[in-house]
Amino acid sequence: MAKEGEHPVKPANQRGAARLAAVQALYQMDVGGTGVLEVVAEYEAHRLGQELDGETYLKADASWFRSIVSGVVRDQVKIDPLIRSSLQEDWPLSRLDSTLRAILRAGTFEVLERKDVPVAVIVTEYVEIAHAFFEEDEPRIVNAVLDRIAKQVRGEAKK
């Protein structure tokens, strides 16, 4: 039961929270060189649905979180070239902000592997995550890149 002033967490929001946590974990791995098992264990023990440094993390779908993080790591050799080919030619992946790179990798993984989730849902969710971190062009970049990848891989665009 939600306390007064709180909103109950809907199951769909648990996937959104898992996506956000996955982006944060991928960022942490990219910047800190942390391994996948270490990061997943840390998030599951201390972050998902927990309070850390005064921040309360939303309850997240832990298996969704795990599948995104481990899937991105497993399929990175497939994911990165797709992202690179969907960026402007003079824009290498290494030039992207680490957070933006994490968002694009997680979104691309879902477009490739989660055929049960509509492209529009995936793109919208990751654009929203981009809005949480950026105020400039990055959300539009996420939208454009994931849309291009979806057209390439699934033959469909966001509707």
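Start by selecting Arg105 and Asp80: they form a salt bridge, with their closest N and O atoms 2.8 Å apart. Helices here are DSSP runs of H or I, at least four residues, numbered from the N terminus. Both Arg105 and Asp80 are buried, where buried means under 20% relative accessible area, exposed over 50% and partly exposed in between (1.4 Å probe, protein chains only).

You are viewing a predicted model, in which local features need pLDDT of at least 70 and side-chain atom pairs count only at pLDDT 80 or more, while totals for chains, interfaces and linings use all residues. Residues are numbered from 1 along each chain as its sequence is written, and side-chain values use heavy atoms, leaving out hydrogens and water.

Next, select Arg19 and Glu125. Their salt bridge has its closest N and O atoms 3.4 Å apart, and it joins helix α1 (residues 11-32) to helix α5, with the partners 106 residues apart. Is Arg19 buried or exposed? Arg19 counts as buried at 2% relative accessibility, whereas Glu125 is partly exposed at 22%.

Now move to Asp147 and Lys151, a salt bridge with closest N and O atoms 3.7 Å apart. These two are four residues apart in helix α6 (residues 138-154), so about one helical turn separates them.

Key
Salt bridge = Lys/Arg side-chain N within 4 Å of Asp/Glu carboxyl O.
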